[in-house]
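Biologist: Can you load the model? I'd like to go through the sheet first, then the helices and the ligand.

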Amino acid sequence: MVATAMVAVARLGGNAAFITRVGDDQTGTQILDEFRTEGVDVSHAVTTPGLTSHRTIVLVDGRTGARAFLAGRGTANDVMPEDLDMEWVAEAPFLHLSDAGPAAVAAAKVVKAAGGHACLDGTHYHQTVDALLPHLEYLVVSRFFGSEYLAHLDGRELGAAAREYAGTLVARDQAVHPNPAAMGDSHAPVLTGGALLDAARRLRERGPNVVVVTEGEAGCWCASPDGDFHIPAYVAPQVVDTTGAGDVFHGAFLQARAMGRTLHSSLELASAAAALKCRALGGRTGSPDLETTIAFMSTASRHR
Ligand SMILES: Nc1ncnc2c1ncn2[C@@H]1O[C@H](COP(=O)(O)OP(=O)(O)OP(=O)(O)O)[C@@H](O)[C@H]1O
Ligand SMILES: [Mg+2]
């Protein structure tokens, strides 16, 4: 998720770097080369000889757009706090995270102390993220995360997807990730509309200054110090593949903030970039440049 977000930042003209661990296998070389081609700095990525790199293959049904994820987890494990060059991390005005492991929490603390802003992309809520929440400026999460958080507050058991998500954080032995949308169960029904804004408000009580819950074509819901609001999604030129729409949304949001846009205007730009992303097959192929995004915003219609 962060990888695609950083490519989105670079395509929009921003400076992005990505920290990861890869092995010295062909997949690892391919991963780093692809970032270099996109202009994403991987000088602080860690290559560990003898390990195999993580790879995910996404199957997209051409008729329905339904997706399945085949994850080959590899043996190159998470980045650990001791892998990080904290002086370099502290220079980042924005830090984007997709997990709440020890390295993520350590980096978020350092960035916040240096006056920067940390952001978490969350797919599913699980208590494993609680330690990170107080150190975040931005929490930008999916409708599943928002729904599961409210279920958690109600004392209900989290759904299978949230349990699996927590499992992948501790034991990286999952071979197949089914479509999370198909995994919602009765414990945490997937909420819509104003209920997601309510989730954003409740999550804000946990520390992040701004909380956004995204709802696909139904747009996103934002709780902030400047008030709470909804941003409708843009109507995509054509919807070929929505994989990575959320990831591009995050990258474009952070780049818009880095360019000095207001919160509201940054979410508008993020929504437009995410809609444009859907026009092509692949997580990153459709991720737009700034000129294309701004031109699209002046002509595109909106979902209601
Ligand atoms: N079909 C679509 N058409 C237009 N905009 C879309 C579409 N799907 C997503 N978006 C935009 O992208 C944002 C994020 O999408 P979504 O809520 O699906 O993220 P996600 O659940 O993290 O998905 P993914 O994991 O595939 O990135 C939405 O708020 C919306 O602005
Ligand atoms: Mg996402």
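Modeller: A term first: two strands pair if DSSP finds at least two bridges between them. Strands (E, at least two residues) and helices (H or I, at least four) are DSSP runs, numbered from the N terminus. This is a predicted model: local features need pLDDT of at least 70, side-chain atom pairs count only at pLDDT 80 or more, and totals for chains, interfaces and linings use all residues. Residues are numbered from 1 along each chain as its sequence is written, and chains are lettered from A and ligands numbered from 1 in the order in which they are written.

Biologist: In which sense do β6 and β7 pair?

Modeller: Parallel, over four bridges, between β6 (residues 117-122) and β7 (residues 138-142). Asp 121 has Val 140 of β7 as its bridge partner.

Biologist: What is the strand order of the open sheet?

Modeller: β5-β6-β7-β9-β10-β11, six strands with mixed pairing. β5 (94-97) and β11 (227-231) are at the edges with a single partner strand each, so one side of each has no neighbour in the sheet.

Biologist: Now the ligand. Which residues come nearest to ligand 1?

Modeller: Ser 142, Thr 214, Gly 216, Gly 246 and Ala 274, of 22 around ligand 1. Being near takes a C-beta atom, placed from the backbone, within 6 Å.

Biologist: Which helix gives the most to that shell?

Modeller: α8, with four residues. α8 and α9 each supply at least two.

Biologist: And what is the handedness of the crossing of α8 and α9?

Modeller: Right-handed, meaning the near helix is turned clockwise from the far one by less than a right angle.
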